[in-house]
Amino acid sequence: MESRNKFREKFLDYLRVEISIEYKSCLYFACILAFYFVYLLIQKTYSASILYMFEMVMAAYVMSYIQVYLFSDTDGIDRPGMKGGLGIAVCTCLYGICSFGLGWFDKKPLATILFSGYLLFCYLCAYLLNRVKRALDTEHLNRMLSEFKERAGTEEEEELW
């Protein structure tokens, strides 16, 4: 029975991490795609490459795994510190290398630099939004706990009478 509970806990931990990776991948793919679409519009191009979009989503997944497993979830932690900062820098550089190497922005150095700066901004926004969400979730859970304690205290008083 105990081994079954350990398996369940490990599976739930794995599932939690995979959901986090899925969330990150979708978030960063949307950010990359937004930049790509703006780039195309500036170039007066009104169609997008499906191959590039596939490469972008794959890069987002790979980078999300790198963030979570190598850099301890860089944008999902309370205090990023040195390891988190390194993770953000490495992932930003890797995205830049992918964008240039795969030709997402026609191998233009300025576009690659702007893209990398934009991704740094996206990392910062994701970090801040995750931090606000955690604070709101904590506040909500504390409120629910207080309400539960109040109800439990009332029920105990009723049982005494």
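**Entry 1**

Buried means under 20% relative accessible area, exposed means over 50%, and partly exposed is what lies in between, using a 1.4 Å probe and protein chains only. With that in hand, I looked up L129 and found that it is exposed, with a relative accessible area of 59%. L129 lies in helix α4, residues 109–160; helices here are DSSP runs of H or I with at least four residues, numbered from the N terminus. I also checked L129 against F11: the two are 118 residues apart along the chain, and their C-alpha atoms are separated by 27 Å.

**Entry 1: what kind of model this is**

I noted that this is a predicted model, where local features need pLDDT of at least 70, side-chain atom pairs count only at pLDDT 80 or more, and totals for chains, interfaces and linings use all residues. Residues are numbered from 1 along each chain as its sequence is written, and side-chain values use heavy atoms, with hydrogens and water left out.

**Entry 2: helix α1**

How many residues does α1 have, and how far does it reach? I found 41 residues and 60 Å from the first C-alpha to the last, close to the 60 Å expected at 1.5 Å a residue. The expected span is 1.5 Å times one less than the number of residues.

C26 is found in α1, and at 43% relative accessibility it counts as partly exposed.

I looked at α1 (residues 2–42) and α2 (residues 50–70) next: they pack at an angle of about 140°, with their axes 8 Å apart. Axes are lines fitted to C-alpha atoms over the stretch in contact, and angles run from 0 to 180 degrees between N-to-C directions. α1 and α2 are therefore oblique to each other; angles under 35 degrees count as roughly parallel, over 145 as roughly antiparallel, 65 to 115 as roughly perpendicular, and the rest as oblique.

Which residues make up the contact of α1 with α2? They divide into 17 nonpolar, 4 polar and 3 charged. Here Ala, Val, Leu, Ile, Met, Phe, Trp, Tyr, Cys and Pro count as nonpolar, Asp, Glu, Lys and Arg as charged, and the others, Gly among them, as polar.

α2 and α3 pack at an angle of about 160°, with axes 10 Å apart, and are therefore roughly antiparallel to each other.

**Entry 3: the two sides of α3**

The 21 residues of α3 (residues 81–101) should span 30 Å at 1.5 Å a residue, and the end C-alpha atoms are 30 Å apart, which agrees. I listed the buried residues in α3: G84, G87, I88, C91, T92, Y95, G96 and S99. Seen down the axis of α3, the buried residues fall within an arc of 160°, so they line one face of the helix. The arc is that of the directions from the helix axis to the C-beta atoms. On the other side of α3, M82, C93 and I97 are exposed.

**Entry 4: positive phi values**

I then checked the loops. K44 lies in the loop between α1 and α2 and has a positive phi of about 60° although it is not a glycine. K44 is exposed, with a relative accessible area of 62%.

D106 lies in the loop between α3 and α4, and its phi is near 60°, a positive value in a residue other than glycine. At 47% relative accessibility, D106 counts as partly exposed. Just after α3, G103 takes a positive phi of about 75°.
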